[in-house]
Number of protein chains: 4
Amino acid sequence: MLRFDSDYMEGCHPAILQKLQEINLDKNVGYGLDPYCESARAKILEACKCPDAQVRLLVGGTQTNMLVIDAMLRSNEGVIATTTGHINVHESGAIEGCGHKVIPVKGVNGKYDMAALKQWLEAFYEETTEVGFEHYVMPRAIYLSNPTELGTIYSLAELEQLRAICDQYGFYLYMDGARLGYGLAAPGNDLTLPDIARLCDAFYIGGTKVGALMGEAVVVTNPGIELTRGLIKHRGAMLAKGWLLGVQFDTLMTGGLYMDISKNAVDQALRLRQAMEQKGYKVYIDSPTNQQFFVLDNEKMAQLSQHVKFDYITPADATHSVVRFATSWATTTEQVDNLMALL
Amino acid sequence: MLRFDSDYMEGCHPAILQKLQEINLDKNVGYGLDPYCESARAKILEACKCPDAQVRLLVGGTQTNMLVIDAMLRSNEGVIATTTGHINVHESGAIEGCGHKVIPVKGVNGKYDMAALKQWLEAFYEETTEVGFEHYVMPRAIYLSNPTELGTIYSLAELEQLRAICDQYGFYLYMDGARLGYGLAAPGNDLTLPDIARLCDAFYIGGTKVGALMGEAVVVTNPGIELTRGLIKHRGAMLAKGWLLGVQFDTLMTGGLYMDISKNAVDQALRLRQAMEQKGYKVYIDSPTNQQFFVLDNEKMAQLSQHVKFDYITPADATHSVVRFATSWATTTEQVDNLMALL
Amino acid sequence: MLRFDSDYMEGCHPAILQKLQEINLDKNVGYGLDPYCESARAKILEACKCPDAQVRLLVGGTQTNMLVIDAMLRSNEGVIATTTGHINVHESGAIEGCGHKVIPVKGVNGKYDMAALKQWLEAFYEETTEVGFEHYVMPRAIYLSNPTELGTIYSLAELEQLRAICDQYGFYLYMDGARLGYGLAAPGNDLTLPDIARLCDAFYIGGTKVGALMGEAVVVTNPGIELTRGLIKHRGAMLAKGWLLGVQFDTLMTGGLYMDISKNAVDQALRLRQAMEQKGYKVYIDSPTNQQFFVLDNEKMAQLSQHVKFDYITPADATHSVVRFATSWATTTEQVDNLMALL
Amino acid sequence: MLRFDSDYMEGCHPAILQKLQEINLDKNVGYGLDPYCESARAKILEACKCPDAQVRLLVGGTQTNMLVIDAMLRSNEGVIATTTGHINVHESGAIEGCGHKVIPVKGVNGKYDMAALKQWLEAFYEETTEVGFEHYVMPRAIYLSNPTELGTIYSLAELEQLRAICDQYGFYLYMDGARLGYGLAAPGNDLTLPDIARLCDAFYIGGTKVGALMGEAVVVTNPGIELTRGLIKHRGAMLAKGWLLGVQFDTLMTGGLYMDISKNAVDQALRLRQAMEQKGYKVYIDSPTNQQFFVLDNEKMAQLSQHVKFDYITPADATHSVVRFATSWATTTEQVDNLMALL
């Protein structure tokens, strides 16, 4: 059975496992105070060209989102997300669990529609000024994921527009980078890590889906955001053997490994897409990253399902469905070839 | 200046104030353990024909909503509301402050569209079954307000449909009755307090907007919902001089006073509506209760604003606006006559 | 039956009720934006000589404590209280309900022992520096009540010491003034409202126990504490008919009424104490305020209980008990005379 | 430099790393739905002789404690812990972050003193009955750690006593087993996993400190405790690559590995203790587990510090200090020999 149902089905890049093997019986200090974490943090800051920022290595994405957003907001404040945003639909209310409303705004293909967002904000502030701010959850941050849950990516110009909106309203800007590598490696992408660091108040470089066993590296560029070690522990998110995260990010951030393996995932995804298009399958959404969405005839879908796992998304019409194929850093040319042979 | 901008601008029914005067220097035990509260609770249970239910007298509506809903839900569960529901838009995230997501579902005129709600639930359960429940905030309760924020009311048949949906999915049903009297007094209403008590797991009889200085009487009919005194105190909602609430509800529930004064508000509102319609004003929404919504020409609106206060709601088109006029238990015939003279 | 079991058994000062009667059918804007609240706030700021502070009128004491403390703390921070502090034992975990630990420190007679507090802090910081701050709930505020739950009061010198400690450690200082009038009216008291406003970052002037139906007036002198209207609504603490609080504090703060009625409570309490002492009863704690604690022979206690209600506190020894008699602003000379006749 | 400063300084047992290596590029389903987790859960239930219990594999101890306790308590309820309990002092307020008070009760050597606990409970219920339960955080669970933070262990008879107390008061009993293996392997221990499963409503088998990279296996024997997957995700505690935990516990629970490596840690600790005693060092606390506490002359302590790291605990007197040496599953005879040579 071929498997293209998600991008976190394999362990980690072999270089990481080798390093973990080498140091396995060494004695390291806990809670991220070890030299591997220190080295990883330095390399991340260097890659992002933001020497004064703060880096926190955390275990998972939902945990990271709730911690960063909780650090950004006062008790009664909220965070804006597109209706399809991960924090709005797929995190079991983790943000609300910290007391904050996720304020949904309709987007397009998983991204903010800048004109619609501006219009929504104007109408919202007009209404709340009229009625009284105190009755509303006032937003204090904008959440975006890049790539989005639908594989699309933001351009530099779009991120600058979001920054301008944040500046206008006094919001923080936070980018969920669970698949950041796959976005940066996408053809047509014009965003760099230093751009993101310059434009966002916080963001994270995803490891779980990009070569690590687990781990996300949060970069907090705005010193006003107190994502303290105490807050991390308070939410049960402090890994005792913190060096496990340090080793992973130290390895990934060395010699361009993170981007190299990201590029592989994107290359394989685009090979698959090209093959699908050539065979006449309909592309559902124009994604330049590792997640590819197609519209399949239900019969074909059933037939394919016997040989390959992929993700069912939603019905397209009475006889067709939208499905997702995801590649990862570990996907091989052979695996994609085998899939292509089934089409 | 005439004022029709809200239904909680006056103090309380004079009979309440007289009683408070009479007992002012008596010594009463605190925290709702006094005989006035006991009497009020007994009269409420009698009116609702649910002798085994529990009555809690609380100070305000947001407080009540957050307490009842928090008592209904486990940490990660959510409550369904229409997008216009009070808990979704006007309570500054009080539900989220207790850790729970408000799950918005599109309604019609402030009410649930039963067919749309069923369809939404089916799609939601299909999706969450596919992806895994654990990633979603699973609903455990349905919130409705009756009358709604737009003045509309639920019929007995509709409430029975909501009950059936709740039974199917294992949800609690909770009715926010901030203006309950105005709904029960509406022409065409076929719901009674015993119906509501029979069909809802919890609901409240609103006092703040219907004759009291402050106060809402929650009726919890489902013994599985632990709206304990400890929880009330925990959320800072235990009034020290609880008899103030007892006296008010005891008075309102005696001799039909609550319904009598509710009827006055509705009668005055419908007189106004009739006059507006006769003068050719467009009714925005078909409300049989104390809130009346009209579409006004912006020029006329500006002119009226010099003599009467009302609530601006939203633009209707380039030259018209939606506005709300609210009557209350205290609105006099003379006040409405004066308003009608201005039209 | 005589009743000295608490200081919130009566309604409110007659002048308040008269005013509420006068304006009962006036139409006022809600949520504390009315002229009575404005006037009350101005008078409070004038009395405290802190024109730039912010005043919030809230309904009850637990609500007030949780709101002020939540506004002071980040998610993982805590507040120090004596083990007998109201927030530590009598508020059903309202502070914890906002996510914050109450850090108990042993006091003496309900007050902080300054030397012990300093020593505790030094040891705590030594330990947390050694182990790592992130594992501990770090305090960010000191809570005190004045008078304390045991009737004792702080001197100006003591409050200055607490301020110095707060300055040293970067803490906020917060005074719970549920019975503040009774403290200010105590013989030997050398604190004034301006002193308190100068030394505390926030405090409240209690109304519920001192002449009001309900209500506490929070004064926030430190502009860094965001006790916003939105936060108040978020916790369900925004009273719809806010003018009810405005009228009460406006009346109490006019013509010295608050202090006059406070003095009455203290005078009556001290008359009772003198009589008790003359009859040979043992005073349990040296309280100069409206709460008086005595050690009674259990037989005498049982006998007295047939004619007067008072508060049982704790066993003193096998045959004696500690009890509390509380007077209030409404206690009459005759009531105390009647009690004295029973001794 | 020799290191005995903690028991989580090494990676994991080599057998685990080998298995992770073997399956590294296999494709596994996420979120704990893989066969390794299934196998691990089955082996744990078998070892505990509680086939109907539920096993949850989580990443860390604080996370586990907050999740289990949050699943046990209603919003306003609390959990009892000894003053030295991990949740009371070393978890940055994680329990309070879920809204619950940790109710501290004085213990002895890290354990509950059964007579003192009973007396405390009797006095507490007497007081709260008198004053009114609603003002207090009522306990609903008892937390214990075994071994305790001070290395001591509970006997079967003691655990039965705690169970009886829980039955009397309607409490849940929860054992934090961060170092459970070291307790079970201690000389004199008479508790077994089936005993613990029978007497506790929930407990966890610690992996992080006993052979795993990370991971704790919670066993919930009381079906009334809803430690659902949704709650785990809600708190950001769902590991995407859940099989990493499955592989670790599956390995540890196979062929007695968990107990074998636990025994090594205890053996080495007791060798060290014997050597210390023979050299005349004073044992601070009688611990039969992997943590050993001694009283050192400050001069000797400074001298030792140049060659070996250990944990400073607290001053003993003006010239002596209490220190802790911790062994782990990975501690070698040679390491202890080297340490002994320094004494």
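This is a predicted model: local features need pLDDT of at least 70, side-chain atom pairs count only at pLDDT 80 or more; totals for chains, interfaces and linings use all residues.
1. The interface of chain D with chain A. In this pair, 44 residues of chain D are in contact with 44 residues of chain A, and the two chains bury about 4,000 Å² between them, of which 55% lies on carbon and sulfur atoms.

2. Polar links between chain D and chain A. Two salt bridges are counted between these chains, and the side chains of D:E10 and A:K27 meet in a salt bridge with an N to O distance of 2.6 Å. The count of residue pairs in polar contact between chain D and chain A is 29, with both residues at pLDDT 80 or more.

3. What chain D brings to chain A. At least two residues each are supplied to this side of chain D by α1 (14–22), α3 (61–72), α5 (94–97), α10 (229–234) and α11 (243–252), and the largest share, four residues, comes from α1(D). By class, the residues of chain D that touch chain A divide into 21 nonpolar, 15 polar and eight charged.

4. The interface of chain B with chain A. Here 22 residues of chain B are in contact with 22 residues of chain A, and the buried area between the two chains is about 1,700 Å², with 45% of it on carbon and sulfur atoms. On the chain B side, B:S92, B:E96 and B:K101 lose the most area to chain A, together 31% of what that side buries.

5. Polar links and composition for chain B. Two salt bridges are counted between chain B and chain A; A:E96 forms a salt bridge with B:K101, in which the closest N and O atoms are 2.7 Å apart. There are also 12 residue pairs in polar contact across this interface, both residues being at pLDDT 80 or more. Two or more residues each come from α4 (86–89), α5 (94–97) and α6 (114–131) of chain B, with α6(B) giving the most, four residues. This side of chain B has six nonpolar, nine polar and seven charged residues.

6. Helix α11 of chain C. This helix, residues 243–252, is mostly covered, with 10 of its 10 residues buried, among them C:W243, C:F249 and C:D250. The cover over these buried residues includes α1 (14–22), α2 (35–48), β2 (54–58), β7 (202–206), β8 (216–220) and α12 (257–278) of chain C.

Conventions. Residues are numbered from 1 along each chain as its sequence is written. Chains are lettered from A and ligands numbered from 1 in the order in which they are written. Side-chain values use heavy atoms; hydrogens and water are left out. Contact means heavy atoms within 4.5 Å. Buried area is the accessible area (1.4 Å probe) that two parts lose on being put together, summed over both. A salt bridge is a side-chain nitrogen of Lys or Arg within 4 Å of a carboxyl oxygen of Asp or Glu. A polar contact is a pair of N or O atoms within 3.5 Å; within protein, one must be able to donate a hydrogen and the other to accept it, and residues adjacent in sequence count only if both atoms are side-chain atoms. Ala, Val, Leu, Ile, Met, Phe, Trp, Tyr, Cys and Pro count as nonpolar, Asp, Glu, Lys and Arg as charged, and the others, Gly among them, as polar. Buried means under 20% relative accessible area, exposed over 50%, partly exposed in between (1.4 Å probe, protein chains only).
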